[in-house]
Amino acid sequence: LNGYMAEYSYHPSSTLRLGAGFDPRDPTRVYPRFMTYSEKRVESGILNATLEVREIKSRKELFDRMNVSASISGHSLFYSASAGVTFDHDYSFTSDSFTWAISAYVDFGRLEAVDPVIPSSANAILTGDPKDASEHYGIEVALLERRAVLAIAVFSLKSLSRLERTQVQSYLKGGVSIGAFGAELAATYNRFITEAQKVSSISLSIRVIGGKGIEALAPAITDYTDINTISKILSTYVGGYTFESAAPVSYSTASLKSFGWKGLVPDLSLSERRIAELFLLYRDVESITDRLREITSITQANPYYILIDNSRRLEYLELYKKYEHLLDTIVDAGRKALLDPASAPTAADLIPTDQIQLPELPDPPIVADLKVTIDKKTFGLPNQPPWIVQEFATATGYVKFDWRFALSSEFYLQLNAGPTHTQKFVAFDSKSGLS
């Protein structure tokens, strides 16, 4: 054989499998196996096992951590009129968000297809008309797969003030990659989560490659503060599998020229890189577009309804329209990248030059003796940031105060009340309190 052409990471839409044809220009198209072969392990034993907690600073890093191909995701978005994978849709990487992950990974090594035997019928197609051969079998064939098991829990916080983000980030500086988390790290992480839960709701998504799936993990992770329990759940999951039960996390392919194909081998390295970069940019712009839609919505449950005046709201509305148009421009560029990557706009060309400044939520104020009266009962509220959720039972259901902020002399408290979960912001001053 002439060696391997490329390595492709896992993707749920990918049709890659050992011994089968493949065309990276259309990675979701299914091509049949055209050979029989023997299987040979390249390495024996476990090659690598990691357990780590780390801040995720960009969408590319998120895809890398989850071992998902951004390039194949781009193909699904740009060419298949499909949203592709959507696990990353809820994550933003802006100045008021914070994302981190705890992951366990075991690499069992590679499996190679050796001593291939091609039936005469398939050989006649491969060595015949090149266009007909590529229609039958693509332009590459998968001959090597890497098997592993991955379990990763990704957490995120949104709508943080600058102070709140600095506070939670300080507890998770750098990253940790060790076999077991010691007492000092466990205490630090517990403090980190405790502080994080005070300032924002924590979103959690779990992703696994190999094994029984997320239903074996999701119900088990209930206490976000206990890193040792979470890491034990993840490591126990990945530790329960062997090479035979692990899943392919990547494939290496060879050109069909190795089997007599007479076609020209296209150089797709540039287009695949451009498609991946444009896809990641699309997701980032889409995330900002969603935030701008949230900021400009006129509802009482929206804190920005109070925080920004009408002229600024109109400015953000114009930005929203601009970013919506940019999404269409990125899709057009992605479609051109496959046909003519050298002349197609790159992600760097399309990144907005003006730095968008999203409005930040103010830091919670430090005031004394804040009181709220519910059903003629008066409760004192915490007077130190970060805001701690308070929930009070009432005759009609409950009232929950999620957080507060101050504008001039007025204080605002988010109210989540009653069986219908009605949300709105109510204003009060520190002297008279709130009834």
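Is F259 buried or exposed in this structure? F259 is buried, with a relative accessible area of 9%, where buried stands for under 20% relative accessible area, exposed for over 50% and partly exposed for the range in between, with a 1.4 Å probe and protein chains only.

The model is predicted, so that local features need pLDDT of at least 70 and side-chain atom pairs count only at pLDDT 80 or more, while totals for chains, interfaces and linings use all residues. Residues are numbered from 1 along each chain as its sequence is written, and side-chain values use heavy atoms, with hydrogens and water left out.

**View 1. The aromatic pair of F34 and F259.** Rings of Phe, Tyr and Trp (its six-membered ring) pair if their centres lie within 6.5 Å, and planes under 30 degrees apart count as stacked, over 60 as edge-to-face and the rest as tilted. By this rule there are eight aromatic pairs. F34 and F259 make an edge-to-face pair, at 6.0 Å centre to centre and with 80° between the planes. Because F34 lies in the loop between β2 (21–22) and β3 (36–41) and F259 in the loop between β9 (247–255) and α8, the pair ties together parts that are 225 residues apart in sequence. F34 also counts as buried, at 3% relative accessibility, and ring pairs link F34, Y137 and F259 into a cluster.

**View 2. Two arginines at the ring of F243.** A charge sits over a ring if NZ of Lys or CZ of Arg is within 6 Å of the ring centre and within 35 degrees of the ring normal. The charged end of R41 sits over the ring of F243, 3.8 Å from its centre, and R147 lies over the face of F243, at 4.7 Å from the ring centre.

**View 3. D107 in strand β5.** Strand β5 covers residues 98–117; strands (E, at least two residues) and helices (H or I, at least four) are DSSP runs, numbered from the N terminus. D107 is buried, with a relative accessible area of 7%, and a polar atom of its side chain lies 2.8 Å from the backbone nitrogen of G109. Leaving aside neighbours within four places in sequence, D107 is in contact (heavy atoms within 4.5 Å) with residues including I46, N48 and R147.

**View 4. Helix α8, residues 269–296.** The end C-alpha atoms of α8 are 41 Å apart, which agrees with the 40 Å that its 28 residues should span, the expected span being 1.5 Å times one less than the number of residues. Helix α8 is mostly covered, with 20 of its 28 residues buried.

Methods
Polar contact = N/O pair within 3.5 Å; in protein donor to acceptor, adjacent residues only side chain to side chain.
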